Amino acid sequence: MIETTDIITQVLSLGASLAGIAPVDDLRQSPSYEIYDRSPYYEGYHGVAWPKGAQSVLVIALAHDPSEPQLDWWSDVIPGRTPGNRMLMSISRKSASWLQKAHGIIARPLPYPVEKGGIFLKDAAVLAGLGVIGRNNLLVTPRFGTRVRLRALFLDRETGPSAQLAWNPCAGCAAPCHAACPEKAFRGGFYDVMACHREMERNRHRLSEIPGESVGVDNRCMVTKFCRACELACPVAADGSERVPDL
Ligand code: B12
């Protein structure tokens, strides 16, 4: 079996902020796969078959600090959609090429949308030991809090999985993430996807022009700045200091 720590060290050196590995069999049974077909967001969607050889999933996170909001600016015309996502795609490609050369592992970088064969990335990240799901329904990591973006690759090999965290960073927290939501998507104490989706649709129709950029329609760079209220309100590691999980 290949050492997971070797792979993680290499992926971090290629620019990832965090990385971890989980078995595909665990992912298949994770909470999002149990319930997605009952979510109104996935009405009519029946899943995409995963490649037979997929044994493990390598999850990569890139920190999205609030001081770099442009990492998240979404363009409908630029491939890769956001600068942060393009960075993650590049790290994924470089990781795949290193895995093939150094270990003969076939790594398949996955698309982002679940509808196109992507996976539920937060579930994969929890199983890969990157963090836990917080009361804002987001992945919370000890080092960057919720302020990370994710991508993943399937590996055709079993590797030792990364250890999952036993940690509850939301215990005793007053949940400023709930209060911050402009759509009150946490009004019932849980995450209401359709309320959140309404805010995202509103954002989509409020395009911002980025001066000085010459990409996009008519040489104007128009982007969407999607809401990050519940993410940015999370106090975990917000002052830059890493939290120490219980395990
Ligand atoms: C579709 C989608 C949306 C939709 C619907 C979201 C939804 N939750 O259903 C909309 C457009 C509304 C949306 C909104 C946002 N999104 Co979004 N979204 C996605 C996408 C593509 C799929 C998510 C999904 O459908 N999940 C499945 C549904 C059924 O479940 P769920 O609500 O996520 O809840 C599950 C988990 O919490 C999990 N879970 C709970 N507890 C536990 C415990 C364990 C042990 C495990 C394993 C799992 C687990 O089980 C729940 C289901 O039972 C992912 C990327 C991807 N490919 O995964 C990004 C993603 C989840 N989004 C992300 C972000 C940042 C956002 C926003 C902040 C907007 C923004 N500025 O980008 C908001 C925040 C919403 C929120 N608080 O959850 C990030 C999250 C990063 C992080 N730190 O967690 C992701 C990973 C994309 C990325 N670029 O990295 N999103």
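**Which backbone atom of leucine 150 lies 2.7 Å from an oxygen atom of the ligand?** A backbone N or O atom of leucine 150 sits at that distance from the ligand oxygen. The model is predicted: local features need pLDDT of at least 70, side-chain atom pairs count only at pLDDT 80 or more, and totals for chains, interfaces and linings use all residues. Residues are numbered from 1 along each chain as its sequence is written, and side-chain values use heavy atoms, with hydrogens and water left out.

View 1. Elements giving two or more residues to the shell are α3 (31–35), α5 (121–127), β6 (148–155) and α7 (193–204). Helices (H or I, at least four residues) and strands (E, at least two) are DSSP runs, numbered from the N terminus.

**View 2. The shell around the ligand.** There are 31 residues around the ligand (a heavy atom within 4 Å). Tyr42, Lys122, Asn137, Leu139 and Leu150 come nearest. The shell holds 22 nonpolar, five polar and four charged residues. Here Ala, Val, Leu, Ile, Met, Phe, Trp, Tyr, Cys and Pro count as nonpolar, Asp, Glu, Lys and Arg as charged, and the others, Gly among them, as polar.

**View 3. The ligand between two domains.** The protein divides into domain 1 (4–155) and domain 2 (176–232), with bounds from an automatic or database domain assignment. Both give residues to the shell, so the ligand lies between them. Their C-alpha centres are 21 Å apart. In contact (heavy atoms within 4.5 Å) are 20 residues of domain 1 and 22 residues of domain 2.

**View 4. The open sheet of four strands.** The order is β1-β2-β6-β3, with antiparallel pairing; a pair needs at least two DSSP bridges. β1 (18–23) and β3 (107–109) stand at the edges with a single partner each, so one side of each has no neighbour in the sheet. Six bridges join β1 to β2 (56–63). Alanine 19 stands opposite isoleucine 60 in β2.

Definitions and conventions
Polar contact = N/O pair within 3.5 Å; in protein donor to acceptor, adjacent residues only side chain to side chain.
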